[in-house]
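Hello,

Here is the structure I promised to pass on to you. Please have a look at it first, and then read my notes below.

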Amino acid sequence: MTVSGEVTALYTRRGAGSYFGEPVSMLEHGLQAAYFARAEGAPASLVIAALLHDIGHLLDDVPADIHDWHADARHEDVGRAWLAQRFGPEVSEPVALHVAAKRYLCATDPSYARRLSPASVLTLRLQGGPMSAAEVAAFEAQSHFREGVRLRHWDDQGKLAGFNAPGLHEYLEMIDALARPQAG
Ligand SMILES: [Fe+2]
């Protein structure tokens with residue numbers, strides 16, 4: 001199967017589910033994040049990273065009600081592992097960092113924390129709260145940290161009820177152009 005076929009299958013199977021505590025479905029959320037990445041003129045690798053940043057949620061069964069979470073599901077690690085088998089680090093690494101980027105921004109940008117949605121404030125606590133100074137320095141030492149921060153902003157923007165972003169078909173060719181050749 002092509003990677004675009006796998007993505008289509010995942011979003012068809014699970015994408016209609018609501019995006020934890022937000023007024024959009026998982027598919028709408030990914031499409032909106034990709035839309036905002038494209039609107040900013042981001043490279044294709046980051047547009048696809050935005051589209052697929054929560055793929056870990058589609059691969060993993062986690063409770064739909066955020067209040068049932070007893071620990072963070074670490075969806076960024078699940079997503080990164082899946083993406084790293086199919087794309088280069090310019091796609092998988094920003095995804096790996098997008099949750100930490102929220103903790104980073106909460107520590108470094110005082111206006112950022114005030115703009116978080118209520119659901120995002122709740123998960124922040126599960127994710128460990130704002131970064132310490134040592135964590136900030138370690139985060140900035142990672143090669144894709146800037147891309148992870150950009151992705152975080154598109155993630156935060158992509159929660160608009162009633163905003164119909166362009167559909168998945170817009171991205172299928174881009175996905176297969178970026179993907180490594182698949183065995184079998
Ligand atoms: Fe997200």
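Predicted model: local features only at pLDDT ≥ 70, side-chain atom pairs only at ≥ 80, totals over all residues.

Residues are numbered from 1 along each chain as its sequence is written, and side-chain values use heavy atoms, with hydrogens and water left out.

Let me start with H1, which spans residues 3-14. Helices here are DSSP runs of H or I with at least four residues, numbered from the N terminus. From first C-alpha to last, the 12 residues of H1 reach 16 Å, close to the 16 Å expected at 1.5 Å a residue (that is, 1.5 Å times one less than the number of residues). Its buried residues are Val3, Ser4, Glu6, Val7, Leu10 and Tyr11. They lie on the same side of H1, because they cover an arc of only 160° around the axis (taken from the directions from the axis to the C-beta atoms). Buried means under 20% relative accessible area, exposed over 50%, and partly exposed in between, with a 1.4 Å probe and protein chains only. The exposed residues Thr12 and Arg13 sit on the face turned away from the buried side of H1. Among the elements covering the buried residues of H1 are helix H2 (26-39), helix H5 (75-84) and helix H11 (172-178).

In the segment after H11 you will find Ala179, which is buried at 14% relative accessible area. Beyond its neighbours within four places in sequence, Ala179 is in contact (heavy atoms within 4.5 Å) with Val3, Arg86 and Phe87.

Now to the charged pairs. With a salt bridge taken as a side-chain nitrogen of Lys or Arg within 4 Å of a carboxyl oxygen of Asp or Glu, the count comes to 8. One of them joins Arg80 and Glu93, with the closest N and O atoms 2.9 Å apart. Arg80 lies in helix H5 and Glu93 in helix H6 (residues 89-108), so this pair ties together parts 13 residues apart in sequence. Arg80 is partly exposed at 36%, whereas Glu93 is buried at 18%.

In helix H10 (residues 145-157), Arg152 and Asp156 are 4 residues apart, about one turn, and form a salt bridge at 3.1 Å, N to O. Asp156 also pairs with Lys159, at 3.9 Å. Shared partners join Arg152, Asp155, Asp156 and Lys159 into one network of salt bridges.

Best wishes

Key:
Helix = DSSP H or I, 4+ residues; strand = E, 2+ residues; numbered from the N terminus.
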